[in-house]
Amino acid sequence: MELLLSIIIGFMIIGAIYALHANDLLSALMAAGIVGYSLVICFLLLKAPDLAIVQIVVETITLIYMVAIVLNSSRKELDKGQRRNTFLNISIAALVAIALVYYFQMAIGPLDMLGEHTPRMAQAYMEGAAQKTGSANLVTGVLFDFRGYDTLGEATILFTAAIGVLTILRIKGRKEKA
């Protein structure tokens, strides 16, 4: 599993470097998407499907809005150099997509089937949780005491994504009024 994580982190580093040096905004967004979706696979390998779900939702919504804004903006680029590299770009995109799907399949293999439950941590949470947390509600006690940083991280990610989307939509609305 460590080798698989290393390979995926390598994809993430390559995608981040390409996003920084890309000549086209759309290519930079796709490279940033590779980094985000690779992070989803890492979360699945680390058996954190709750974080993977949050990451995939935020990543997909962010990419959709960013691509829409780039395509709706008035970008002026020369099509001369892009026509020669079309086959190469499509080939690279297909290889990256195939690699991500392959690693995604490998990542979800060890997870429990839908509806099945393996109580790895549940037993430790349930035994004496009311006394340890001082909470009358077991779910609240687990979320805010045992998994407080995890919950804070998820809330921060969702809040940041929502603020980003609202900011982008507000800027786009101002341009249309002017």
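Student: Which pattern does the protein follow when it is read along the sequence?

Tutor: In this predicted model, the protein reads α-α-α-α-α-α-α-α-α along the sequence, and the count behind that pattern is nine helices and zero strands.

Student: How is the packing of two helices described?

Tutor: Two packed helices are described by the angle between their axes, together with the distance between those axes. Here, helix α1, which spans residues 2–21, packs with helix α5, residues 86–108, at an angle of about 150 degrees, and their axes lie 12 Å apart. Because angles over 145 degrees count as roughly antiparallel, α1 is roughly antiparallel to α5.

Student: What is the handedness of the crossing of α1 and α5, and which residues of the two helices meet?

Tutor: The crossing of α1 and α5 is left-handed. On the α1 side, Leu-4, Ile-7, Ile-8 and Phe-11 take part, and they meet Ala-99, Tyr-103 and Met-106 of α5. Sorted by class, this contact between α1 and α5 comprises seven nonpolar residues, with no polar and no charged residues.

Student: Turning to the whole protein, what percentage of its 178 residues count as buried, and what does its accessible surface come to?

Tutor: Of the 178 residues, 24% count as buried, while the accessible surface of the protein comes to about 12,800 Å², with 69% of that area belonging to carbon and sulfur atoms.

Student: How much of the contacts in the protein with a separation of 6 or more comes from residues 24 or more positions apart?

Tutor: Among contacts with a separation of 6 or more, residues 24 or more positions apart account for 64%.

Note on methods
Residues are numbered from 1 along each chain as its sequence is written. This is a predicted model: local features need pLDDT of at least 70, side-chain atom pairs count only at pLDDT 80 or more; totals for chains, interfaces and linings use all residues. Side-chain values use heavy atoms; hydrogens and water are left out. Axes are lines fitted to C-alpha atoms, for helices over the stretch in contact, and angles run from 0 to 180 degrees between N-to-C directions. Helices (H or I, at least four residues) and strands (E, at least two) are DSSP runs, numbered from the N terminus. Angles under 35 degrees count as roughly parallel, over 145 as roughly antiparallel, 65 to 115 as roughly perpendicular and the rest as oblique. A crossing is left-handed if the near helix is turned anticlockwise from the far one by less than a right angle, and right-handed if clockwise. Contact means heavy atoms within 4.5 Å. Ala, Val, Leu, Ile, Met, Phe, Trp, Tyr, Cys and Pro count as nonpolar, Asp, Glu, Lys and Arg as charged, and the others, Gly among them, as polar. Buried means under 20% relative accessible area, exposed over 50%, partly exposed in between (1.4 Å probe, protein chains only). Accessible areas come from the Shrake-Rupley method with a 1.4 Å probe; for residues, only the protein chains shown count as cover.
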